[in-house]
Amino acid sequence: MSGATILVVEDTPANMKLVTMLLRREGYRVLQADNAVDGIEMAKSELPDLVLMDIQLPGMDGLTAIGLLRQDPETRHIKLVALTAHAMKGDEQKMLASGCDGYIAKPISYKSFLEEVRRILAQSRHIHHERPS
Ligand code: MN
């Protein structure tokens with residue numbers, strides 16, 4: 001799914017720069033936000049194919065933002081991947097419970113990072129348990 005639009009929400013400039021460079025080199029269109037509130041706003045206005053969401057952000061944290069995007073009928077279909085610095089025991093469950101489709105631990109390994117992005121973009125996202133609004 002080259003040409004897909006990916007929104008990166010990341011507050012550390014070096015990480016943002018690296019992730020953006022890797023994705024653009026693969027032909028993805030990259031949008032950037034450095035905090036969760038701007039990221040949510042951009043997700044609603046741009047409807048990217050995928051959001052890569054850092055977990056540790058100033059103000060609202062990434063898991064809360066993922067939960068909000070997943071609850072909103074306008075954004076619930078978007079694929080959401082958490083970026084985390086701490087791959088600790090129990091984290092995976094916590095992250096999947098927030099509604100994300102996967103997570104990537106930092107520091108990223110270039111090859112497995114891009115493989116994971118490709119894998120998730122290729123999945124179709126079926127929405128289960130649709131609640132009436
Ligand atoms: Mn961060």
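Here is a quick tour of the fold, the surface and the metal site.

This is a predicted model, where local features need pLDDT of at least 70, side-chain atom pairs count only at pLDDT 80 or more, and totals for chains, interfaces and linings use all residues. Residues are numbered from 1 along each chain as its sequence is written, and side-chain values use heavy atoms, with hydrogens and water left out.

**Fold**
- You'll find 5 helices and 5 strands in the protein, counted as DSSP runs (H or I, at least four residues, for helices; E, at least two, for strands) and numbered from the N terminus.
- Walk along the sequence and the pattern reads β-α-β-α-β-α-β-α-β-α.
- Of the contacts (heavy atoms within 4.5 Å) with a separation of 6 or more, 65% are between residues 24 or more positions apart.

- Of the 133 residues, 46% are buried, meaning under 20% relative accessible area with a 1.4 Å probe, protein chains only; exposed is over 50%, and partly exposed is in between.

**The manganese site**
- Asp-11 (OD), Asp-54 (OD) and Gln-56 (O) are the protein donors of the manganese ion, at 2.0 to 2.1 Å from it.
- Donors here are N, O and S atoms within 2.8 Å of the metal (3.2 Å for Na, K and Ca), and water is not among the atoms, so sites may look incomplete.
- The donor residues follow the spacing D-x42-D-x1-Q in sequence.
- Asp-11, in the loop between β1 (5-9) and α1 (13-25), and Asp-54, in strand β3 (residues 50-54), link distant parts of the chain, 43 residues apart.
- Asp-11 counts as partly exposed because its relative accessibility is 30%, while Asp-54 is buried because its value is 3%.
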